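Subject: Handover of a structure and notes on its features

Dear colleague,

Please find below the structure that I am passing on to you. My notes follow it, arranged by topic, and I would ask you to read them with the model open.

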Amino acid sequence: MASGFARSPILIGITGRRWFDLGDPDRDRAAAEAFKHRIALCLAVLDDKFKDTPKVLLTGAAIGTDLLALRAALERSELWSAAAILPFSRDLFEEDFRPDADELSRRWQGLNRDAEARPAWLAGWETRHDAYRRELSDCLDNHPDRVLVRCLPGLRMADGRRATAADLSRDTPGRDPALRQAHYEQVGQWIAAASTVMLAVLGDDARPSAKATGGTARILAVRRVGHPDAAGVAVAERSDVLRQHWSPVLRPPGRHVWLVGPAARGAPGLPAAILGPLGRWPASADAPADDPPLHGERHGHAEPARGPDALLDESLTTAAMFARFHRHATWYGARHRAERRIGSRHRAAWLPRRLLAIGYYARSLWSTPPRKVSTAPQPPGDAIREVRNRLRWGQSRSKSMAKASFLATALLFLASLLAFEVFAKFAPHRPVILFGYVVSIAATGLLIVAATLRRWQPLSEDSRSISEMLRVQRAWWAAGLPNRVDREHLQGVSADLAPIRDATTTLLAWIWLRGGWPGDTPQHHDGTRAFDWPTVYGGAHRVRADRAPRSAAGWIGEQIAYFRKTGRAREDAAHRAEAGSWFVFVGAWWLAVLVLVWSASYAVKHAFAEISHLVRILAGDGTALPVSVAAALLLAGAAALPLGWCLRISTLHGREPTRIRRWIRTGLRPLPSALLIGAACMALAPALVETTTVSEESAAKYAALVSIALMIGATGAWRFLAEKLGLEAEALEYKDALARFRLAEEALAAETDEHGRPRDVARAQAIVHDLGRLALVENEAWLKSRRERPLTPLAG
């Protein structure tokens, strides 16, 4: 079962020098083959790391490194495809594959060779150009199912018009060479921003040019810094596909680069040095990462030097996220097929469904041949819907595992507490009980390690955040807005959250590559922006009632229905956790009061002793009756928990209870449960005397003390679960979000005509943009409030 991420691959960018030896064509050919081998080794490392994840090489298809990497990718398995990003039309692009006589003359003059060798030297370079021209034709024309060719839109000129073929052709007399170079700069910046992993082959001069030439050193700096310099910004402002604005107060989205070279050495088997992000525009593109706030410190303490393996893992963080999503979506796809095949959701069919799902999953991993990525055009709305559906599949597994780990941590804490209290109070001579305590603590530690290594909670949060970003992006595109969520959301965040933004960038880049529209926003064939208002607002032209029948409600209607339903569920869950934990905690206090009264009052102690003696007489020599009575009383005490929530203190004339009355009600509700648990401890005393060395009086008291400790521990465990699941925070966030979407619906209803179209498109777009921004702000706040903290056992 191929996952949805088979259509959203890892994007591998490449940038590099065109010629490797300007003095001799034969040496250049030999150096090119050596660099092609090193690039192939880098691609092999990616294959080894992500065996079942499809990959697409992003290349400018220029002479030299670009075509060498393109050929190396096509020589690999079907999981590899390529996207050739051309700066202009194919015929204009192939002009660079013709030898430039003036350039060759300048090279020859700098060699100081014998003039008789010049014809052979020129013929050698002519051969090199012909070889690259044939390579370009073979790669782009003979692999239509594996190579996607996209031409970026022309840059805008100073007079507002777009650059034409006459402005860009090398054959046009008096042309401006800087304009052609600026289009190569546009390609380099786009690849640097869109790539999940980027490879670079740097020349002898690593200093970035001050002009927007699209040179390797410049693109390398753009990738590592996260934004271009002033010359690059000038190009971006004339482009329809590049980011144009960066905040001066937010950390730029700099990323890693694999620098391929003869002497470059990274992790074992990787012929590339990994360069980390930079905090400022560098004097040299291969400068080491030297920005302490970004790389040298963490929480105010200096970090130790990181080895090659650590740098490799850092550079592949986003790619690893794609691989995990792919595996999880594959598993849930297999489960979905098993459920459809068996056709039953009865509990008795659980085992056959699971076994069939395991079989489908194994076949998808080992029997089914790798599925190459599809390059067929796909509407952006369909592409986003497909990816979000597969993200939901992957999130389900991670979320269920995270919840199970939280619950298991709480239960193991209670088990260890029970074992220790029983050992200390009743059986200090039985080490097997202490062994149970040790096993519980060890199991908690193993669970922490497993949850940390498997990253269940972060993966669930990442899936949810990416899905929400894509939901907002779909609404913005449907409203005709040019904004990109990855350029507005999660800006300036730490390295822990940046992969979420980078993964969304990769997804949107691939959707754009397959979409086929010329600009950065979905467009019709006539160049106008696509406008799909029903996707945003639905088919209604009035405010929907709370209990309106389910219909095509659009983004706003779907969000209102979701927040209304889920918000109520979160409020109920938060109320149960709050009321239940207080009930158990106050019940422990009441039980402690009973123990205090029993210990201090002779009359009460005598009465309890008579009850215990009566139970001993009825039980005879056995322990079955005391245990049964105690169990019945404990069940009755546990049943009083939901009954206690239903108790209400009567109020005069039906008025709401005052704060004091509510406090009194909260304090009195657990009293029946405390009495029943105390009676259970007294009933259990004869059995404890038979099985332990404590006296009858101490047995009852110790049982009550153990019960108090367990009740306090249960209170902490319950609050731990509520805090880890974020019930209260989500309930408040959903309530606020519901209010925002309802206000937006009312505002759009006033702007919508009887045909369901907005009267003022600009105002409707502004409302949708503001609503999307607020949704992203809520998403970031939710993500930061729930971000994984160390999964630790409770201390109590």
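What is the volume of the largest cavity? In this model, which is predicted, the largest cavity has a volume of about 390 Å³. Its lining is formed by 26 residues, and the closest to its centre are Ala193, Gly226, Arg243, Pro253 and Thr505. Sorted by class, the lining comprises twelve nonpolar, five polar and nine charged residues. Three helices, α7 (177-194), α8 (216-225) and α17 (498-515), each contribute at least two residues to the lining of this cavity. In total, the structure contains four cavities of 30 Å³ or more.

The chain as a whole

The protein chain has 796 residues, of which 48% are buried. The chain contains 26 helices and nine strands. Of the contacts in the chain with a separation of 6 or more, 77% are between residues 24 or more positions apart.

The sheet and the helices on it

Seven strands make up an open sheet with mixed pairing, in the order β4-β3-β2-β1-β5-β6-β7. At its edges are β4 (147-151) and β7 (272-275), each of which pairs on one side only. On average, and with direction ignored, neighbouring strands of the sheet are turned by 25 degrees against each other. In general, the strands of a sheet pair through backbone hydrogen bonds, in either a parallel or an antiparallel sense. Strand β6 (residues 257-260) and β7 are antiparallel and are joined over four bridges. Within this pair, tryptophan 258 has isoleucine 274 of β7 as its bridge partner.

Helix α1 (residues 25-49) packs on the sheet and touches β1 (10-16), β2 (55-59), β3 (80-86), β5 (197-201), β6 and β7. The direction of α1 makes about 145 degrees with that of β6. Helix α17, already mentioned for its part in the cavity lining, lies across β1, β2, β3 and β4 and runs at about 85 degrees to β4.

Two histidines

Histidine 143 is situated in the loop between α5 (118-141) and β4. Is histidine 143 buried or exposed? Its relative accessible area is 19%, and because buried means under 20%, histidine 143 counts as buried. Apart from neighbours within four places in sequence, histidine 143 is in contact with Arg71, Leu74 and Asp138.

Histidine 769 belongs to helix α26 (residues 761-786). With a relative accessibility of 19%, histidine 769 is likewise classed as buried. Setting aside neighbours within four places in sequence, the contacts of histidine 769 are Trp476, Leu481, Asn483 and Glu488.

Residues brought together from separate parts of the chain

Arginine 207 sits in the loop between β5 and α8. Why does arginine 207 count as exposed? Its relative accessibility is 58%, and exposed means over 50%, so the residue falls in that class. The C-alpha atoms of arginine 207 and alanine 285 are 6.0 Å apart in space, while the two residues are 78 residues apart in sequence. Neighbours within four places aside, arginine 207 is in contact with Ala217, Ala283 and Ser284.

Phenylalanine 585 is part of helix α19 (residues 554-600). At a relative accessibility of 39%, phenylalanine 585 is partly exposed. A distance of 9.0 Å separates its C-alpha atom from that of glycine 713, which is 128 residues away along the chain.

Two backbone angles

Which phi value does arginine 455 have? Although arginine 455 is not a glycine, its phi is positive, at about 55 degrees. Arginine 455 is located in the loop between α15 (431-454) and α16 (456-478), and with a relative accessible area of 24% it is partly exposed.

Leucine 490 also has a positive phi of about 55 degrees without being a glycine. The loop between α16 and α17 holds leucine 490, which is buried with a relative accessible area of 0%.

Yours sincerely

Note on methods. Residues are numbered from 1 along each chain as its sequence is written. This is a predicted model: local features need pLDDT of at least 70, side-chain atom pairs count only at pLDDT 80 or more; totals for chains, interfaces and linings use all residues. Side-chain values use heavy atoms; hydrogens and water are left out. On a 1 Å grid over the protein atoms alone, a cavity is a set of points where a 1.4 Å probe fits but cannot get out, and a pocket is an open set with protein on both sides within 12 Å along at least five of seven lines; lining residues have an atom within 4 Å of a point. Grid points are joined across faces, edges and corners, and a volume is the space filled by probe spheres set on the points. Ala, Val, Leu, Ile, Met, Phe, Trp, Tyr, Cys and Pro count as nonpolar, Asp, Glu, Lys and Arg as charged, and the others, Gly among them, as polar. Two strands pair if DSSP finds at least two bridges between them. Axes are lines fitted to C-alpha atoms, for helices over the stretch in contact, and angles run from 0 to 180 degrees between N-to-C directions. Contact means heavy atoms within 4.5 Å. Buried means under 20% relative accessible area, exposed over 50%, partly exposed in between (1.4 Å probe, protein chains only).
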